[in-house]
Structure formats: C-alpha cells, structure tokens
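Hello,

Here is the structure I promised to pass on to you. Please open it alongside this message, and I will walk you through what turned up.

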Amino acid sequence: MFSYRHAFHAGNHADALKHLTLIATLRHLMAKPAPLLLADTHAGAGLYRLDSEAARTSGEAAQGVLALQAQANGQADGGAPAPEALRDYLDMVASFNAPGKSWRIYPGSPFIMQRLMAAQERAAVHDRLRLFELHPSDIHALQANVAQLQAGRQITIQTEDGFAALPALLPPPAAAGGSRRALALMDPSYEIKTDYARAAAAIQQCLQRFATGVYLVWHPIIARPEAHGLPRRLKPLANQARRGWLHATLNVGAAKGQAGLSASGVFVINPPHTLPAALRAALPAVLNALKRGAGQGWTVETGGLK
C-alpha cells in the first residue's frame with residue numbers, strides 16, 4: 001500500500017512543486033482586491049518540524065527544500081538569481097524560521113495560505129480559509145497550531161471528509177461587489193486506491209457547482225494505474241466545463257538503492273495566465289538542485305478552453 005503521511009515527507013521535492021505552484025497561483029489571484037474563499041481538503045498538521053524524529057527518519061527535506069536553500073545561497077554569493085517563483089517559495093519558508101539559522105520549521109499548505117492572507121496589503125480584504133482533516137493525530141496538531149495564530153473566524157477547522165465537504169462550500173458567498181472567488185487545494189495521502197477516483201469525482205462536483213473556481217490537485221506519480229489515470233480523468237472534466245487547465249510534473253529521478261517517491265504532479269483547473277511561464281522558469285532550477293538519478297525531468301502541459 002502506498003503511504004504518504006506528511007510528517008515524514010515535509011519539505012521534499014513533492015512539497016516544492018506543490019507549494020511553489022500554490023504560492024504562484026495565489027500571488028496572481030491576490031493581486032485583485034476581492035475576497036477569496038480558500039480551502040484545503042486534507043490539511044494535515046499545518047506546521048512541521050524538520051528536526052523531528054519523523055523528518056530525520058526520512059531525510060527528505062535535506063534532499064528537498066534544504067537543498068534548494070543551499071543552491072539559492074550559492075547563487076546569492078555570485079551566481080544567477082533564482083527564478084521569481086522559486087525565490088518566492090523559499091522566502092515563504094524562510095519567514096517561518098529565524099534569520100541566519102538552519103531551517104527547522106516547514107509550513108504546510110494551510111499556513112502558507114494564511115501567511116498570504118495576513119499580508120499587510122491583503123489583511124483588509126477578509127479572505128477566509130476552510131481546513132478539513134480526519135486523521136486523529138493531525139487534526140489535534142492542526143488545531144493547536146492554528147490556535148496560535150489567533151485568527152478568529154477567518155480560519156475554520158472541521159473534522160470532516162474533505163472530498164465530500166469541498167463541493168458543499170460552493171459556490172462561495174458573493175462579496176460586496178457581487179464577485180465570487182475560490183481556490184481549493186486537494187492533496188490527499190492516496191493511501192487508499194479509491195482516493196484517486198474520489199478526487200476526480202469531487203472535482204467534477206465542484207465544476208458543476210462553481211466552474212470558475214481555481215482547483216489544485218496534487219498527485220504522486222507511481223506505478224499504479226489509478227495514479228496515472230487521475231490526470232487523464234481531470235483533463236476531460238476541465239474540457240467539458242470549458243475551463244483551462246495546467247498539468248505540471250517533477251521527477252527528481254531514482255537513485256540506485258534508494259526507495260521512496262521520486263515524482264509527482266499538480267493539476268490546476270483555471271490556472272492564472274502567468275502560471276505556465278512561472279513554472280517553466282522555476283522547475284529547471286528546482287530539478288538542478290534536487291536531481292538524483294535516472295528518469296529525472298519536468299513538464300508543464302496546458303490545455304482546455306479559457
């Protein structure tokens with residue numbers, strides 16, 4: 001059985017792809033001064049210790065975000081600057097850590113979204129964040145971590161099945177000017193094979209209820225038919241809804257004798273027009289820092305009607 005408990009994988013190559021894409025997408029959406037409903041269907045614990053026993057057991061952050069940090073530091077000493085989307089991602093992680101110290105904290109998607117919502121230029125817009133999590137350990141950690149933010153009603157945590165809960169949120173309430181805007185991230189662990197079908201079914205419902213929402217679906221790329229089938233199911237759903245889509249993948253390659261996930265993808269429905277160029281600039285630099293064996297590469301594919 002494929003297993004992807006996030007505490008063991010925080011800050012790895014899959015997080016780099018997912019969170020770089022999430023930040024670049026939100027930067028564009030937040031340039032417009034209208035409220036956003038943000039949702040994370042599988043929120044996890046929200047914050048992760050890179051020096052925890054789980055993180056040290058896998059060592060994946062050292063081959064992920066910490067390797068990207070080291071590359072960026074080398075570039076700052078005289079090399080070419082990092083592409084904007086990569087630099088923005090690394091600046092986000094750095095903001096959760098003490099300056100000049102080794103990074104010990106990695107922000108999960110909920111805390112990345114909250115940090116962008118709380119930015120000075122965004123605070124008066126009144127974005128809202130809805131978080132869903134079922135794992136008993138993760139939900140308690142998430143509640144404790146979010147409580148420290150003192151965000152009040154801006155953040156809601158629910159112990160619910162995110163696949164079922166997300167469509168029920170849509171369409172979002174209209175803002176004062178009448179606009180309705182939402183971004184949802186769906187990144188389950190895929191420990192159960194049916195998660196792939198449930199992800200596609202949930203996205204289909206979301207498009208039926210709110211076709212103009214922005215939907216990001218992270219998925220592992222592994223030797224399982226369901227995994228390869230998920231993006232193939234999402235493309236026709238976006239096309240049928242007459243929406244544009246983007247599918248980005250990152251494969252760091254399989255090192256000899258090294259097990260574990262080596263590739264993943266992010267499928268975005270209604271991507272910002274700036275996202276393809278941002279990822280095509282950033283992913284070569286990400287791969288250069290993280291590549292480790294055969295099969296390495298990256299792709300950014302776009303399609304659908306816009």
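**Aromatic rings and their neighbours**

Let's begin with a charge and a ring: the charged end of Arg115 sits over the ring of Phe96, 3.9 Å from the ring centre. Please keep in mind as you read that this is a predicted model.

Phe96 also has an aromatic partner. Searching the whole structure gives four aromatic pairs. In one of them, the ring centres of Phe96 and Phe111 are 6.4 Å apart and the planes meet at 65 degrees, so this pair counts as edge-to-face, the cut-off for that class being over 60 degrees. The two residues come from distant parts of the chain, 15 residues apart: Phe96 is in the loop between helix H4 (84-94) and strand E3 (105-107), while Phe111 belongs to helix H5 (residues 109-117). Both Phe96 and Phe111 are buried.

A second pair to look at is Tyr190 with Trp218. Here the centres are 6.0 Å apart with the planes at 50 degrees, so the pair is tilted. This pair, too, links distant parts of the chain, 28 residues apart, with Tyr190 in the loop between strand E6 (182-186) and helix H8 (194-209) and Trp218 in strand E7 (residues 214-220). Tyr190 and Trp218 are both buried. Together with Tyr196, they form one aromatic cluster. Trp218 has a charged neighbour as well: Lys18 lies over its face, 5.6 Å from the ring centre.

**Two packed helices**

Tyr196 takes us on to H8, where it is one of the residues that meet helix H9. H8 packs against H9 (residues 225-240) at an angle of about 10 degrees, and their axes are 9 Å apart. That angle makes H8 roughly parallel to H9. On the H8 side, the contact includes Ala197, Ala200, Ile203 and Leu207; on the H9 side, Ala227, Leu230, Leu234 and Leu237 are among the residues involved. Sorted by class, this contact has 11 nonpolar, one polar and two charged residues.

**A histidine to look at**

Is His19 buried or exposed? His19 is buried, with a relative accessible area of 0%. This histidine is found in helix H1 (residues 13-29). Leaving aside residues up to four places away in sequence, His19 touches Tyr89, Tyr106, Pro107, Gly108, Ser109 and Ile112.

Happy browsing, and do write back with any questions.

Best wishes

How values were computed. Residues numbered from 1 in each chain as written. Predicted model: local features only at pLDDT ≥ 70, side-chain atom pairs only at ≥ 80, totals over all residues. Heavy atoms only, no water. Phe/Tyr/Trp six-rings, centres within 6.5 Å; stacked < 30°, edge-to-face > 60°. Helix = DSSP H or I, 4+ residues; strand = E, 2+ residues; numbered from the N terminus. Buried < 20%, exposed > 50% of the residue type's maximum accessible area, 1.4 Å probe, protein only. Lys NZ or Arg CZ within 6 Å of the ring centre and 35° of its normal. Axes fitted to C-alpha atoms, helices over the stretch in contact; angles between N-to-C directions. Parallel < 35°, antiparallel > 145°, perpendicular 65-115°, else oblique. Contact = heavy atoms within 4.5 Å. Nonpolar A, V, L, I, M, F, W, Y, C, P; charged D, E, K, R; others polar.
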